[in-house]
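Dear colleague,

Please find the structure below. I would be grateful if you read the notes with the model open beside you.

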Amino acid sequence: MRLDALFERRPRTLSFEFFPPKNERAWHTLEDTIEQLAPLGPDFVSVTYGAGGSTRARTREVVQHIQARSGLTAMAHLTCVGASRNELRAILAEYAAAGIVNILALRGDPPQGETRFSPPPDGCRYASELIDLVRDDGRFAILCAAYPEGHPEAPSRAADWAFLADKLRRGACAAITQCFFELAPYLELVRHLTALLGRRPRIIPGILPIVDYQALQRFCQRCGANIPPALAARLAACAADRVAMRKEGIAYTIALCRELLHAGAPGLHIYALNRSTAAAEIVTALRLEGCLP
Ligand SMILES: Cc1cc2nc3c(=O)[nH]c(=O)nc-3n(C[C@H](O)[C@H](O)[C@H](O)COP(=O)(O)OP(=O)(O)OC[C@H]3O[C@@H](n4cnc5c(N)ncnc54)[C@H](O)[C@@H]3O)c2cc1C
């Protein structure tokens, strides 16, 4: 099902994000994860596109597999990295032939060791250009990325959010955010975008389940998200006891989700990282509280 049509009917959605497994064992882990998360009734799931475009075929295969085996609505991520416009059009044709109708259109990160993104000849420089290309194809619902703290390369949050408004004007029906750990930046982003667009856009919070302080630090270092000092202190205080730290992290994540949903967020997109336990705990707790349908 196309997500633009789904969003018309569902004011709030629940979704999970996975990455393409690297080997057969990891395939089985992902299959088990999907089997365990499917009964929670996610509205859709998404599958990332590897850095440097390295998982082009696997992203397609995983989305196709999920749609065929579990019947879940799925979305393929796609980046501009390492592909000319013609190559991107060829990928879209492959996606369409595989029955994929939803795309998260991204620029992608510069390759490791490089600080600036440079597209190949006749490639797309920004996600907005990829959005144009996908929109012109006409076969896909398009989503884009958003950054409550501003994208790390942007000169300012305001500049980054103006580019986000541009992505939404050009044809993205919704945005999913980078992970963040406080309510305020998300609310500021929504307020700012509402003023720029003259309507409230659908900005779905991306939620990283916190289970381990070191893993959280690594993830945030990679994506440029900030860990608030209060959260860092809470996790550091129980760093010697992994069970206590996990409990603290999950409680923090549930509290953030609760605040977001009370503030009117149009659902949650959980970075499940191919594991089911933390995501399931969070969703179950929020359902018991009546925060999620
Ligand atoms: C929900 C989510 C899922 C993701 N999934 C993946 C994935 O599967 N694979 C992957 O490799 N990466 C993924 N990423 C990471 C993403 O590729 C990086 O954050 C990347 O650095 C930026 O991508 P973007 O689509 O936001 O780029 P853009 O929107 O193009 O923005 C990139 C930078 O350029 C600036 N900019 C935008 N337009 C203009 C303009 N016209 N002129 C000047 N500056 C401009 C922006 O402010 C920003 O600093 C994901 C991110 C999120 C939030």
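Residues are numbered from 1 along each chain as its sequence is written. The model is predicted, so local features need pLDDT of at least 70 and side-chain atom pairs count only at pLDDT 80 or more, while totals for chains, interfaces and linings use all residues.

The ligand is surrounded by 24 residues, where a residue is near a molecule if its C-beta atom, placed from the backbone, lies within 6 Å of it. The closest are T48, H77, R107, A127 and A145. The shell holds 11 nonpolar residues, eight polar and five charged; Ala, Val, Leu, Ile, Met, Phe, Trp, Tyr, Cys and Pro count as nonpolar, Asp, Glu, Lys and Arg as charged, and the others, Gly among them, as polar.

The helix α6 (157-170) gives the most to this shell, with four residues. Helices (H or I, at least four residues) and strands (E, at least two) are DSSP runs, numbered from the N terminus. The buried residues of α6 are W161, L164, K167 and L168. Seen down the helix axis, these buried residues fall within an arc of 105° (taken from the directions from the axis to the C-beta atoms), so they line one face of α6. On the other side, A158 and A159 are exposed. A residue is buried if 20 or more other C-beta atoms lie within 10 Å of its own, exposed if 12 or fewer, and partly exposed in between, with C-beta atoms placed from the backbone.

T115 lies in the loop between β4 and α5. It counts as exposed because it has 6 C-beta neighbours inside 10 Å.
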